[in-house]
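Please keep the sequence and the model at hand while reading.

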Amino acid sequence: MSDETQTAPVVGEIVPAPPREQAIAAFKTEPPRYAGGSRVPGWDDPVDLTKDPATIPDPATTEVPAELRAEIEDLMTRYPDPKSASIPALAAAQRLHGWCSPQAIEQVACVMRVTPGYLVAVASFYDMLDTKPVGRCRVYVCTNISCSLNGADALLDAVKGELREGDDIHARGFECLGACDIAPMASIDGVYVGPIALDEVPTLVDQIRKGEDPLPDKQLNKRRSVDPEANG
Amino acid sequence: MSTHLLFKNIDEAGLATLDVYVQRGGYENLKKALAMPPEGVVEELLQSNVRGRGGAGFQMGKKLSFLPKGAMDKYVVCNADESEPGTFKDRELMQKNPHLLIEGILIAGYAAQATKSFIFIRGEYAEQAEILEAAVAEAKAAGFVGENILGSGHTQDLWVHRGAGAYICGEETGLLDSLEGRRGNPRLKPPFPANQGLYQGPTLINNVETLATAPVIIDMGGAEYAKLGTETSTGTKLVSVSGNVKNPGNFEIELGMKSRDIIEGLAGGTPDGTKIKFWFPGGSSSPVLLPEDLDLAYDFDTMAKAGSMLGSGAIIVVDDTNSVVDVALKLAKFYKHESCGKCSPCREGTNWTVKMLQRIEEGLATPMDLDILASVQEQIIGNCLCVLGDAMAMPLGSMVAKFREEFEEHIEGARARNPYPEEAAA
Ligand SMILES: Cc1cc2nc3c(=O)[nH]c(=O)nc-3n(C[C@H](O)[C@H](O)[C@H](O)COP(=O)(O)O)c2cc1C
Ligand code: FES
């Protein structure tokens with residue numbers, strides 16, 4: 001589900017033709033192969049049939065931070081079936097570990113009494129749960145229709161362009177974030193900002209880097225209703 | 001009388017707190033409902049003829065009356081996933097007036113005799129989820145949520161449940177699977193959630209706006225509410241307008257208002273010097289309409305008759321500086337990304353549609369590809385467990401049908417720019 005945003009070719013722009021061989025080669029490139037000749041990444045290791053099936057982690061040997069345990073246990077009481085807590089529990093573990101690392105999954109599995117495999121299957125379905133290590137601060141730039149009509153693709157490029165090596169920031173394109181009224185917009189760890197002008201991007205990225213409040217004047221929660229009769 | 005029922009004084013300071021909400025007469029309608037028999041509440045909702053605001057437009061009262069009677073574990077689930085591109089009305093309502101939604105969930109819960117309720121909010125709405133959580137905690141402390149609510153004997157629990165980012169979790173059965181802690185794959189229907197929903201119990205699922213309308217209906221009386229709007233599309237509707245407009249935002253309108261007055265009046269029309277090329281009347285899943293459709297009344301039936309739908313009430317305006325092919329590709333990529341993969345026609349169909357549109361962009365397509373593209377859409381529609389695939393196929397089909405010339409021109413132009421199409425395709 002979570003393939004990264006692809007960059008679409010710009011339409012209408014006349015691109016000079018590449019050299020003949022290169023053009024043909026580009027169209028004929030083989031899809032990438034992974035280990036073992038597999039076309040699918042992650043499926044390259046053959047199944048080890050001699051291995052024992054994954055089991056629920058042993059509470060005696062699995063260390064779970066007390067706060068995380070308390071949070072998950074509290075979540076589990078809310079539902080008739082405690083398994084319902086798996087997504088909020090994974091989100092809590094991700095907040096602590098930065099991503100749904102094997103260790104994070106193991107800890108949630110231990111508290112919830114489910115197998116790690118079950119949780120990995122769940123986590124990999126959802127865009128906000130990262131099953132690969134990424135930067136801790138998540139910047140989602142909306143690239144859906146209304147935002148892209150207002151320059152979202154350029155915004156995403158600009159944000160990515162401002163990032164430096166060592167930044168603990170994960171900037172990615174995202175589907176409609178439900179804030180098309182402030183297009184083009186981005187969510188910075190859940191704080192919605194927009195409309196973002198391209199010349200504000202350096203300031204914004206700098207604020208994110210320093211952990212400051214991102215573009216305070218442009219935050220959605222400060223916006224009043226535009227309906228002329230809503231406050232009359 | 002003002003047609004502002006949900007957005008009345010929406011920016012009033014402190015409205016998100018219980019104190020201000022109660023000062024405004026909040027939770028009085030809950031008391032009024034609790035004093036009626038549950039069937040009486042259902043009857044009011046039936047009379048109001050209010051239709052679901054989440055997309056399908058099914059009558060709320062009717063859905064309620066489908067729930068089996070008798071003592072058993074029943075549930076109310078509020079659909080606050082709001083992931084349909086272009087839609088952002090629930091967000092503003094939850095952020096600014098969370099107690100109205102909570103009161104609505106309690107009234108619906110009483111009518112359904114449900115003991116447990118959940119607000120399934122998309123994970124991206126972190127700020128709104130926090131506001132809701134605080135509001136629910138306040139309502140619990142004040143005795144509006146919990147055991148024996150206000151001495152009525154009705155017990156109802158309420159929790160805010162955060163999702164983690166997946167459009168398909170807005171589809172009601174995908175939502176239920178996600179709420180049960182799994183991947184959000186839709187279920188085979190029937191059984192419908194009203195009979196077998198959350199944890200296999202009877203479940204009422206409604207959109208945020210639909211549930212937030214319940215207190216208004218109890219206040220006015222169903223018959224009075226039904227006088228607003230048109231005969232078959234009663235009441236007011238929150239409309240999210242975005243895209244190429246000067247004044248994007250949410251507007252509360254009476255259903256049946258002229259579409260032009262919404263787009264060109266309230267939302268200010270397209271930027272100076274540009275004209276409307278086409279518009280989505282109900283989110284990106286609705287077939288597109290043209291400038292000549294602007295004089296149509298904005299209500300469920302008129303939109304359906306025009307070959308589109310009111311959907312979630314999200315108008316996306318595209319002006320004539322944009323290429324229809326670009327918009328089609330954006331749209332298809334979204335559905336490809338969000339297809340859960342359970343049903344082949346949707347999983348493969350969305351994938352191939354993106355590939356074919358990319359061929360068009362890259363100059364590898366011929367006009368015949370447009371017919372293949374259209375036939376792929378036909379093979380998706382009606383062949384899956386849920387309508388996510390249809391939600392791509394219908395608008396895409398409408399774009400190809402209404403802008404075929406532009407697609408063909410684009411194919412020609414792109415082929416001309418690509419010097420070696422035959423060799424490359426070979
Ligand atoms: C792919 C898909 C996505 C949907 N997303 C939403 C959504 O985000 N919010 C919503 O309220 N309804 C959504 N729906 C509609 C729900 O399935 C359901 O009809 C609705 O929640 C019922 O509530 P209502 O009768 O109050 O409209 C979606 C449907 C589909 C097929
Ligand atoms: S399209 Fe960007 S928030 Fe909706």
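Between chain A and chain B there are 2 salt bridges, a salt bridge being a side-chain nitrogen of Lys or Arg within 4 Å of a carboxyl oxygen of Asp or Glu. B:R91 forms a salt bridge with A:D181, with 2.8 Å between the closest N and O atoms. This is a predicted model, in which local features need pLDDT of at least 70 and side-chain atom pairs count only at pLDDT 80 or more, while totals for chains, interfaces and linings use all residues. Residues are numbered from 1 along each chain as its sequence is written, chains are lettered from A and ligands numbered from 1 in the order in which they are written, and side-chain values use heavy atoms, with hydrogens and water left out.

Polar contacts also link the two chains: 32 residue pairs, both at pLDDT 80 or more, are counted between chain A and chain B. A polar contact is a pair of N or O atoms within 3.5 Å; within protein, one must be able to donate a hydrogen and the other to accept it, and residues adjacent in sequence count only if both atoms are side-chain atoms.

On the side of chain A that touches chain B, the elements giving two or more residues are α1 (20-28), α3 (86-97), α5 (116-123), α6 (145-148), β2 (169-174) and β4 (191-193) of chain A. Helices (H or I, at least four residues) and strands (E, at least two) are DSSP runs, numbered from the N terminus. The largest share, 5 residues, comes from α1(A). By class, this side of chain A has 35 nonpolar, 17 polar and 16 charged residues; Ala, Val, Leu, Ile, Met, Phe, Trp, Tyr, Cys and Pro count as nonpolar, Asp, Glu, Lys and Arg as charged, and the others, Gly among them, as polar.

In total, 68 residues from chain A and 84 residues from chain B take part in the contact (heavy atoms within 4.5 Å). The two chains bury about 6,000 Å² between them, with 56% of it on carbon and sulfur atoms; buried area is the accessible area (1.4 Å probe) that two parts lose on being put together, summed over both.

Within chain B, the domain assignment gives domain 1 (18-225), domain 2 (238-315) and domain 3 (324-425). The centres of domain 2 and domain 3 of chain B, taken over C-alpha atoms, are 24 Å apart. Here 10 residues of domain 2 of chain B are in contact with 12 residues of domain 3 of chain B. The rule finds 1 salt bridge across this interface. B:K277 forms a salt bridge with B:E406, the closest N and O atoms lying 2.9 Å apart.

Technical notes
Domains from an automatic or database assignment.
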